[in-house]
Amino acid sequence: MATLGIKRYTRVTSVVLGVSLLLGGLYTLAFASPAQAMSGAGDYIAITPFRAYSEVPIGPGQTINLKVYGIGSGAASVPNAYVEAVVVTLTAASASATSWLTVYPTGTSRPQISDLNVRPGASVANSVVAQAGAGDQISIYNAVGTTTIDLDVDGYYQTAGATTPASSFVPLPRIERIINPLGGTAFPIGPNQTIAVAIDGAEGTGVPSSGVTAVALNITDGSPSATSWLTAWADGNPQPPTSNMNVVAGQDQGVLAQVQVGANGKIDVYNYAGTGTLYFDVEGYYTSTDSSGSVYTPIPPIRVTPGTSFSSSAPYNIDLLQNAGITASGVTGVLVNVTEANATDSTWLNSYPASTSSSSSAGSTGAVGTILSGLEAGTVSSSQTAAAPPTSILNTVPDAGNAVASTMVASEPNGGGETTVTIASGSANLYLDVLGYYTAPPPSSSTTGSGTGTSSSGSGSGTSSGSGSGTSSGSGSGTSSGSGSGTSSGSGSGSGTSTTGSGSGTSGTGTGTSSSGSGSGTSSGSGSGSGTSTTGSGSGGSSVTDPPFPGNTTSRYANAQPETTSTMSGYGCAQAHAQETGSPEQGLTVLDFGAQYDQSGIQGAYPPAANSYFYPDTTIIKLVDAYANSFASCGGKHLIVAVGTNNSAGYMMATTGGDPTAAGKAWAEVVTGAETGLSPSATLAGVSVAGASDMEEGGNWSGPSGPETWAATYGIESQGVPYYDYGSANSCPAVTAAGQNPNCDNSWNESDVWEVSAGTYVNGKQISIPFPEIYYPGDSADWVNVATYGWYNTGKHANFAGAFSEDQATGGAGNTPTQAWDQLYSALNSNQITAQSSLPYESDITWDDPSNE
C-alpha cells in the first residue's frame with residue numbers, strides 16, 4: 001500500500017459535485033423558527049453528517065452502486081421521499097494509479113465528466129451533489145487502477161411537496177475575500193490550533209449581519225509546513241470528526257466548503273499539523289429567513305469545455321447557460337466543477353461574471369489529480385472584459401499529465417451572460433463540467449389584472465388563475481393546473497413537468513413534465529413512456545439486482561514448522577494463479593501468525609496450534625513480503641495482504657500476561673515494515689499491506705479491555721492503516737434503540753464488540769473494519785445486531801469488507817465461501833440501518849500444516 005501519511009476522511013456537508021468541494025461542516029441548520037423557515041423544491045436540508053460507506057474498494061474500469069436515499073436514522077438520515085439530490089463527501093485513498101471517479105444515477109448512462117481526481121500516495125476528497133437512480137442508488141466509476149472510497153452523507157435537496165424547513169441560497173454577485181479584523185486578508189494558523197472567523201457581516205463580502213445559517217466559501221491554505229488536514233464547523237458546536245481539506249507540505253490547497261454558521265455568526269477552523277496561512281473567499285450564503293434566496297436544480301452533468309488551452313495573457317469567457325443548454329429564467333448561479341491540467345506554473349485560477357471589474361488578484365498553489373479528455377467542445381472566446389477579483393477558485397502545480405479540480409458557484413447576476421476564467425501566470429488546459437443551477441423565486445404578482453400581466457384572477461394571459469394563457473390554474477396555455485398546455489395538473493396537451501400525466505415523459509406517455517394532467521407528464525402515467533416511472537405502465541427505469549458473488553481468496557494460518565520465505569512465496573504465487581482461473585480480480589487475504597508474544601525481549605507471535613513455532617516480528621515482515629511480492633511476480637493484481645494476530649488469553653494483547661499497548665505498537669510496526677518491503681512491481685500491481693486481527697469474545701479468548709487498548713494504539717502507530725477484524729460476535733443480541741448495550745459472551749458487551757470491529761477511529765479515520773467469521777448459518781445475524789448497536793449509539797454505519805469462512809480448514813464442516821458471503825449480504829440488506837449494496841471480499845482460511853488441523 002502506498003504510504004498515505006496523514007489520511008483524513010472528509011465528511012463535509014455541502015454541496016458540490018466536483019473535485020475539490022463545495023463542502024463544509026454543515027450540521028443541522030439553526031433555523032430562526034419553523035414559521036420563518038422556507039421549504040420547497042431545491043431548498044437545502046443540512047443533516048448531522050454520517051459515514052454511509054467506509055473503505056469500499058473499487059478496481060480499474062469498475063462501477064459500484066451505493067444506496068443514498070432512505071438511509072441513516074434520526075437527525076443523521078436521508079428520507080426516501082421528497083429527495084431531489086443528496087450531498088455527499090467522496091474520499092479516495094490508497095490509489096494504485098492516477099485516475100478519476102465519476103458519480104451518476106444508477107441505471108443511467110455514465111456522463112463524460114470527472115468528480116474526483118486521484119493519484120498514488122495521496123488522500124483526496126470532494127463534495128458531490130448526486131441524484132440517485134434505480135434502487136435509490138448512485139453509481140461510482142473508477143477509470144484506472146484500484147482505490148478505496150469513503151462516502152459521508154451531509155445533507156440533501158428536497159423536491160416540491162416537501163414540508164421540512166429548509167434554507168435557500170444567496171450567491172454573491174462575485175466572490176469576495178474576507179478581511180481579517182487584525183489587518184490584511186491572511187489568517188495564520190498553527191499546529192493543533194483552532195481559529196474563529198466571523199461570517200455574519202464580514203467586511204467587504206456582502207454577507208448580512210443576521211439570518212445566515214451556512215456559508216459557501218473557498219478556503220485556501222497557503223504554504224502549509226506539514227502534511228495535514230483542516231476541519232471547519234459552526235462556532236459554539238463541538239468539533240466534528242470530519243475534515244474539509246487535506247494538504248501536503250509545501251503545496252497550497254483550496255477547497256469550496258459549505259459551513260454551518262454558529263449562533264454568534266462565526267465558524268471555527270482546526271488545523272491538525274504544521275503551520276499555514278488561510279484565506280476565505282465567500283461565494284454565497286444560506287438563509288432560512290430571506291424569501292429572495294435561490295433554490296438548486298440539478299441537471300445531467302455536462303462538460304462544456306474539453307481541455308481548452310488558455311494562459312495568463314489570454315483569459316476566456318464562456319456562456320455557461322448556453323453551453324449547458326439551460327433555458328430556465330431567473331438563474332442566479334451555476335454550479336460548475338473546474339478541472340485544470342498540464343499547468344506550466346504554480347499558480348491559481350479566478351472566475352467572475354464578465355461584466356464585473358476589480359483591481360488585483362491573489363491566490364496560491366495546490367494538489368494534483370487526473371482528467372478525462374476528448375469530450376465535446378463548448379463555445380469559448382478569448383476576450384477578457386474585466387479584471388479578476390482578488391480571490392482564487394483553484395490552485396495548481398506544474399505537473400504535466402495530472403490535474404487539479406475544484407467546484408465553484410458561477411454567479412449570474414443578470415440571469416445570464418458570460419463567465420470569465422483567468423489564470424494568474426503560465427498556461428493550462430481547462431475543463432468545465434456544469435452540474436446544476438440556482439434560480440430566484442419569480443417576482444410578486446398582482447391579484448386582479450385582466451391583461452397580459454401576472455394577475456391571479458383575470459381573464460387575460462395572467463400568471464395565475466386566469467382563463468387566458470396564464471402561468472397557473474388558467475384554462476389557456478398556463479403553466480400549472482390549466483386545461484391548455486400547462487406545466488402541471490392540466491387536462492390538455494401540455495408540455496409541462498407532471499407526475500401523473502399520460503404523455504411520454506419520464507414515466508408517462510406524453511412529452512412533457514406535468515402533474516395530474518392528461519398531457520405529457522413525467523411520471524406515473526399510463527401510456528408508453530420511455531422514462532423511469534414508478535407507477536405508470538410505460539417502459540420505465542431499470543430494476544436493481546443483488547451483486548454477484550465476488551469470488552474468494554485463500555487466507556492462511558501460518559502453521560508450518562516453521563514457515564519459510566520459500567513456502568510463503570509459493571502460497572503467493574498459487575493465489576496469483578487462482579486469480580487467473582476464477583478468484584476475484586481484487587481480493588483480501590489474511591495471513592494469521594497467531595497470538596502476539598514477548599520472548600525474552602523479542603516481540604513476535606505464536607500460531608494457534610500445538611508445538612507452535614515462534615515467529616519474531618522481523619521474520620513476519622519477511623514472510624509477508626515474500627507472499628506479496630511473489631503474488632505480483634506471478635501475475636497477480638489488486639490484493640490486500642492483511643497481517644493477522646488474535647486476542648488469545650494470556651498473551652500480549654490480552655489483559656493478563658501481556659501489555660496490549662506494546663502489542664498494538666509492535667503490530668503497527670510489523671504492518672508498516674511489510675508495506676515498506678513491497679517491491680516496486682508489487683506496488684504497481686496494486687498489492688498493499690494492512691493489519692488484521694481475530695478479535696473474539698468466547699472460549700479461551702481475552703476480555704475486551706486489552707483488544708480495545710490494542711486497537712487504539714495500533715491505529716495511532718500505523719498512521720491510519722486499517723486493520724480487518726475477522727473475529728466473531730457470539731451471542732450478541734438485537735438492539736432497538738440508543739442506550740441499549742446488552743451482553744455478548746465472556747464479559748464482552750455489545751459496545752466492546754463494536755469498538756474492536758467497526759468503532760475504532762483515530763483522528764476521524766476508521767481503523768477497525770469488520771471482515772467477520774461467518775462460519776455457520778446464524779453468525780451473520782449476530783453481526784447485524786452489532787452493526788445496529790453502532791448505528792443507534794454512535795450514528796456510524798458499519799461497512800463490512802466482506803465475509804470470512806473456514807471451509808478449507810474444517811474440511812467442509814461449515815459454510816462454503818459462497819454460503820458465508822450470501823448469508824452476510826442478505827442479513828445486512830434485510831435491515832435498512834445496516835444495508836450496503838457492495839460487499840467486496842470473501843476469503844476462506846486454511847491451515848498451512850495439515851497435521852495441525
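Author: Axes are lines fitted to C-alpha atoms, for helices over the stretch in contact, and angles run from 0 to 180 degrees between N-to-C directions. This is a predicted model, in which local features need pLDDT of at least 70 and side-chain atom pairs count only at pLDDT 80 or more, while totals for chains, interfaces and linings use all residues. Residues are numbered from 1 along each chain as its sequence is written, and side-chain values use heavy atoms, with hydrogens and water left out.

Reader: At what angle do the axes of helix 3 and helix 4 cross?

Author: Helices (H or I, at least four residues) and strands (E, at least two) are DSSP runs, numbered from the N terminus. Helix 3 covers residues 617-633 and helix 4 covers residues 660-676. Their axes come within 9 Å and cross at roughly 35°.

Reader: Which residues of helix 4 make the contact with helix 3?

Author: Contact means heavy atoms within 4.5 Å. From helix 3, the contact is made by Asp617, Ile620, Ile621, Val624 and Asp625. From helix 4, the residues are Ala666, Trp667, Glu669, Val670, Gly673 and Ala674.

Reader: Why is strand 2 described as largely enclosed by the rest of the structure?

Author: Buried means under 20% relative accessible area, exposed over 50%, partly exposed in between (1.4 Å probe, protein chains only). Strand 2 spans residues 44-58, and it is largely enclosed because the buried residues number 14 of the 15.

Reader: Which residue in strand 11 stands opposite valine 56?

Author: Strand 2 pairs with strand 11 (residues 147-158) in the antiparallel sense over 9 bridges; pairing requires that DSSP finds at least two bridges between two strands. Opposite valine 56 stands isoleucine 149.
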